[in-house]
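Please look over the points below with the model open beside you.

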Amino acid sequence: MNYLAGFLQIGLSKDQYYDRLIEKVIKKICTPQSVCIDVGAQDGKILALIIKHCPKVIHYAFEPLPHLYKLLVRKYGSAAKIFQLAVSNQKGIAVFNDADTQVATHGLFKQSNADKPINETTRVATDLLDNVLPADEKISLIKLDLAGGELNALLGASNLINQYHPAILLKFLKGDAEIYGENVAAIFRFLTDKGYSIYLFKNYIKEQPALKLKDFNRHYSIGDEYFFVVVFCK
């Protein structure tokens, strides 16, 4: 039985499977003093894990939708600085699309999936992580879940990445990235050029080899894996 099948056979959804592995990776990478960033924090599920395992510092979380931002402030404002902001590679104002109350399907570009109708748009501020975070704040981990805007967020964090080499939990789902004009090769090249390697969660936990571009592309294309661990290896 493979790793994923073992999880799913005990009644876990794919998202729950990732949640459990994300917690294992956070424990492996971070210490109680590690400062982390949650970009696309949504309802704070991953932020809660970060705070649980890194309780001695203040973290950063970004969520542009007003109702989710207020929820995060109420629940986690004592342990994280919460920004009502869409992280990107440009500073400005953009239209943010919210797909039928499903928090996992919103983003700066309209989704093309017909079963996720856009029922609300909101004008939101956008900015770069490099602009918002203190230059002397050492970051250990960044989680990115932006419904396709992950490469733009990485481009806007180039200084941070070059200086501190944080680990990255990268959600990169087929169908989302194409809306931004992103492709597998571009994000793979950006990360590997900066000295990073990309792993499946299960492989990173078991200290197995990183993905090559063809493997990353295959998982992306068939959609069997859409969350990846990215660590600095150079």
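1. Does C30 count as buried or exposed? C30 counts as buried, because its relative accessibility is 10% (buried is under 20% relative accessible area, exposed over 50%, partly exposed in between, with a 1.4 Å probe and protein chains only). C36 counts as buried too, at 1%.

2. A note on the basis. This is a predicted model, where local features need pLDDT of at least 70, side-chain atom pairs count only at pLDDT 80 or more, and totals for chains, interfaces and linings use all residues. Residues are numbered from 1 along each chain as its sequence is written, and side-chain values use heavy atoms, without hydrogens and water.

3. The structure has zero disulfides (pairs of cysteine sulfur atoms within 2.5 Å). The cysteine sulfur closest to that of C30 belongs to C36 and lies 3.9 Å away, so it is too far for a bond.

4. Helix α3 spans residues 45–53 (helices are DSSP runs of H or I, at least four residues; strands are runs of E, at least two; both are numbered from the N terminus). Its buried residues are I46, L47, L49, I50, I51 and H53. Among the elements covering them are α2 (14–29), β1 (36–39) and α4 (66–76).

5. How do α2 and α3 pack, and at what angle? The angle is about 30°, and the axes are 10 Å apart. That makes α2 roughly parallel to α3 (angles under 35 degrees count as roughly parallel, over 145 as roughly antiparallel, 65 to 115 as roughly perpendicular and the rest as oblique).

6. On the α2 side, D19, I22, E23, I26 and K27 meet α3 (contact means heavy atoms within 4.5 Å). Their partners in α3 are K45, I46, L49, I50, K52 and H53.

Conventions
Axes are lines fitted to C-alpha atoms, for helices over the stretch in contact, and angles run from 0 to 180 degrees between N-to-C directions.
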